[in-house]
Amino acid sequence: MSDHKNNPYYSRTDTMHLKVSDAQWEKVLPKEVYNIARDKGTEYAFSGKYWKTDSKGEYYCAVCGNHLFRSDAKFASSCGWPSFFEAVSPSSVRYESDNTHGMRRTEVLCGRCDSHLGHIFDDGPPPTHQRFCMNSAVLDFEPDKK
Ligand code: FE
């Protein structure tokens, strides 16, 4: 897990929705996290730390600590980004239409802090046939305890 001691908003237990300005986030987040989470950037394919991780455990928002995904819903995707077929609960994420870059896509945001996480596509595996295409930089993986 990354170091969050400079981020007073980070919590694995508090689920209250956060309203924090980008100026404030910029002060407490590492630059590579800020660029994706708040400026809606995308890391290079096959560059992130989790695209081929297949360990058992939980994935949390690297910005606020919100529980997002369980490793059971992660699948090996050839796209180069960590991919999941479902979120841990319906309220853990929210969606917005994104028509930038000449594409019609659906953006996935953290349900607690509204940070940009990635996009969702309908070419995933059963049972949902969805593919949450996420950026590793905005995820924190916590392996299961043995
Ligand atoms: Fe978050």
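**View 1. The side chains of His 119 and Asp 98 are joined by a polar contact of 2.8 Å.** A polar contact is a pair of N or O atoms within 3.5 Å, where within protein one atom must be able to donate a hydrogen and the other to accept it, and residues adjacent in sequence count only if both atoms are side-chain atoms. This is a predicted model, in which local features need pLDDT of at least 70 and side-chain atom pairs count only at pLDDT 80 or more, while totals for chains, interfaces and linings use all residues. Residues are numbered from 1 along each chain as its sequence is written, and side-chain values use heavy atoms, with hydrogens and water left out. His 119 belongs to strand S7 (residues 116–121), strands being DSSP runs (E, at least two residues) numbered from the N terminus. With a relative accessibility of 7%, His 119 counts as buried, a term that means under 20% relative accessible area (1.4 Å probe, protein chains only). Leaving aside neighbours within four places in sequence, the residues in contact with His 119 (heavy atoms within 4.5 Å) include Asp 98, Arg 105, Glu 107, Arg 131 and Phe 132.

**View 2. Four cysteine SG atoms, from Cys 61, Cys 64, Cys 110 and Cys 113, coordinate the iron ion at 2.3 Å.** Donors are N, O and S atoms within 2.8 Å of the metal (3.2 Å for Na, K and Ca), and sites may look incomplete because water is not among the atoms. The angles subtended by the 4 donor atoms run from 103 to 114°, so the arrangement is tetrahedral, which for four donors requires all angles to lie between 85 and 135 degrees. Along the chain the donors follow the spacing C-x2-C-x45-C-x2-C. Cys 64, in the loop between S1 and S2, and Cys 110, in strand S6 (residues 105–110), are 46 residues apart and link distant parts of the chain. Cys 64 is buried at a relative accessible area of 0%, and Cys 110 is buried at 0%.

**View 3. Three strands form an open sheet in the order S2-S1-S9, with antiparallel pairing.** Strands S2 (67–70) and S9 (139–143) stand at the edges with a single partner strand each, so one side of each is left without a neighbour in the sheet. Strand S1 (residues 57–61) is joined to S9 by 5 bridges, where pairing requires that DSSP find at least two bridges, and Cys 61 stands opposite Leu 139 in S9.

**View 4. S1 and S2 form a hairpin with 5 residues between them.** Their antiparallel pairing extends over 3 bridges, Glu 58 stands opposite Arg 70 in S2, and Gly 65 in the turn has a positive phi of about 90°.

Methods:
Helix = DSSP H or I, 4+ residues; strand = E, 2+ residues; numbered from the N terminus. Tetrahedral: all angles 85-135°; square planar, octahedral: opposite > 155°, others 65-115°. Buried < 20%, exposed > 50% of the residue type's maximum accessible area, 1.4 Å probe, protein only.
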